[in-house]
Amino acid sequence: MRLSRICLRSASLASTLSKEFIERFEPRTEPPSAKPKHGHWHPGHMSKGLKRMQMMARVADCILEIHDARIPYTARNVVANSSYGDKPRILLLNKADLVDKHQIDVICKQISVRESIPVFPTKITVHRISELRNIIRDGISMAHAEQLTTRKPHYTMFVSGLPNVGKSSFVNVFRKDHDGDRNKLRVAPTPGVTRNIEEKVLVMQSPRVYMYDTPGVSLPQDSGNEMKLAACGCVPLHITGHVQTADYLLYWLNRKQAYEYCNKCGLAGPSNNIIEVLAYLARKRDYMVDGRPGLVPAANAFVNMFNKGELGRVILEDVG
């Protein structure tokens, strides 16, 4: 469908979501092409960071893995985890406020049973420090790692995970408690900000636990998950393509019957046509270029709305 024809549709039809449209709508059964537009994203600092992480992991007492709750099974950084051996591990599924509570509780139980590790849903930026300390304390106990503290004066945890899942935000909660804002780690809504393994941070006194933040490390080879990771902010959009990533996200929103995007974009009902969706959004937000809808800024806005939870609480995976 041509953009000009899309943009001339009556805006009055898009004011409310039509039940008739929803009843007749059939979402796509297959996702769009997931091939990265510009190859794989694995900056040099990640390779260096991974090598140092593998060395430091040998002396760490426990691994604290932080992952995005919207992709709980995807790319749980097998490259990094494979180097940790039988170290006790704790998994935090962060951004749990962006998914359905019942589903995330089921997922936590599934992963805990399958991998024999403690799993906790979290929203790091709103948890009080006492709550996060309790999670760490409970995790250490559930991972049967507390016995290690009896043989040494302190206990070291290693924070691991993909880029932009909340690792530095987690460490900053404790760093701020001790140092104020003076030595906070850089945090940004884009992946790849933390580039080095930072100095250790005291997490708690009893047991005495120190924690290291690490750079997010993506998979060094094409894992087939780049679209999903890009939709959640773990991979830059220019790698997978802005419009292509928005299309992949649209597929999952329709598949999960999360039609909030219709009202956000000004559509009368759900659509499988990402060009149509972005054209409506561009008109609504005045992302026009020479009289035509700006698809790239509209795609950026579409993905950003998802990452703010404005398009529904959706897990981009099939949950059993």
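This is a predicted model: local features need pLDDT of at least 70, side-chain atom pairs count only at pLDDT 80 or more; totals for chains, interfaces and linings use all residues.
The chain contains 13 helices and eight strands. When contacts between residues at least 6 apart in sequence are considered, 74% of them join residues at least 24 apart.

Six strands form an open sheet with mixed pairing, and their order is 3-2-1-4-6-5. The edge positions are taken by strand 3 (119-121) and strand 5 (201-204); each has a single partner strand, so one side of each is left without a neighbour in the sheet. On average, and with direction ignored, neighbouring strands of this sheet are turned by 30 degrees against each other.

Strand 1 (62-68) pairs with strand 2 in the parallel sense over six bridges, and with strand 4 (residues 155-160), also in the parallel sense, over four bridges. On the strand 2 side, aspartate 68 has asparagine 94 as its bridge partner. On the strand 4 side, cysteine 62 stands opposite methionine 157. Seven of the seven residues of strand 1 are buried, and the strand is therefore largely enclosed by the rest of the structure. The burial applies to both faces of strand 1: Cys62, Leu64, Ile66 and Asp68 are buried on one side, and Ile63, Glu65 and His67 are buried on the other.

Aspartate 61 is located in the loop between helix 3 (44-57) and strand 1. Its relative accessibility is 7%, and aspartate 61 therefore counts as buried, the cut-off for burial being under 20% relative accessible area. The C-alpha atoms of aspartate 61 and threonine 156 are 5.3 Å apart in space, although the two residues are 95 residues apart in sequence.

At the strand 5 edge of the sheet, strand 5 runs antiparallel to strand 6 (residues 209-212), and three bridges join the two. Within this pairing, methionine 204 has valine 209 of strand 6 as its bridge partner.

Toward the strand 3 edge, helix 5 (residues 101-115) lies across strand 2 (89-94) and strand 3. The angle between helix 5 and strand 3 is about 165 degrees. The loop between helix 5 and strand 3 contains serine 116. Serine 116 is not a glycine, yet its phi is positive, at about 55 degrees. With 65% relative accessibility, serine 116 counts as exposed.

A positive phi of about 55 degrees is also found at aspartate 290, which likewise is not a glycine. Aspartate 290 is placed in the loop between strand 7 (288-289) and strand 8 (292-293). The relative accessible area of aspartate 290 is 79%, and the residue is therefore exposed, given that exposure requires a value over 50%.

Helix 10 (residues 242-255) packs against helix 12 (residues 274-285), their axes coming within 10 Å and crossing at roughly 105 degrees. The two helices are therefore roughly perpendicular to each other. Helix 10 contributes Val243, Ala246, Asp247 and Leu250 to the contact, and these meet Ile274, Ile275, Val277 and Leu278 of helix 12. By residue class, the contact of helix 10 with helix 12 comprises seven nonpolar residues, no polar residues and one charged residue.

Helix 10 also packs against helix 13 (residues 295-307), with the axes 9 Å apart and at an angle of about 40 degrees. Helix 10 is therefore oblique to helix 13, and the crossing is left-handed. On the helix 10 side, the contact is made by His242, Val243, Thr245, Ala246, Leu249, Leu250 and Leu253. On the helix 13 side, the contributing residues are Leu295, Val296, Ala299, Asn300, Phe302, Val303 and Phe306. The residues of the contact of helix 10 with helix 13 divide into 11 nonpolar and three polar, with no charged residue.

Definitions and conventions
Residues are numbered from 1 along each chain as its sequence is written. Side-chain values use heavy atoms; hydrogens and water are left out. Axes are lines fitted to C-alpha atoms, for helices over the stretch in contact, and angles run from 0 to 180 degrees between N-to-C directions. Angles under 35 degrees count as roughly parallel, over 145 as roughly antiparallel, 65 to 115 as roughly perpendicular and the rest as oblique. Contact means heavy atoms within 4.5 Å. Ala, Val, Leu, Ile, Met, Phe, Trp, Tyr, Cys and Pro count as nonpolar, Asp, Glu, Lys and Arg as charged, and the others, Gly among them, as polar. Two strands pair if DSSP finds at least two bridges between them. A crossing is left-handed if the near helix is turned anticlockwise from the far one by less than a right angle, and right-handed if clockwise. Buried means under 20% relative accessible area, exposed over 50%, partly exposed in between (1.4 Å probe, protein chains only).
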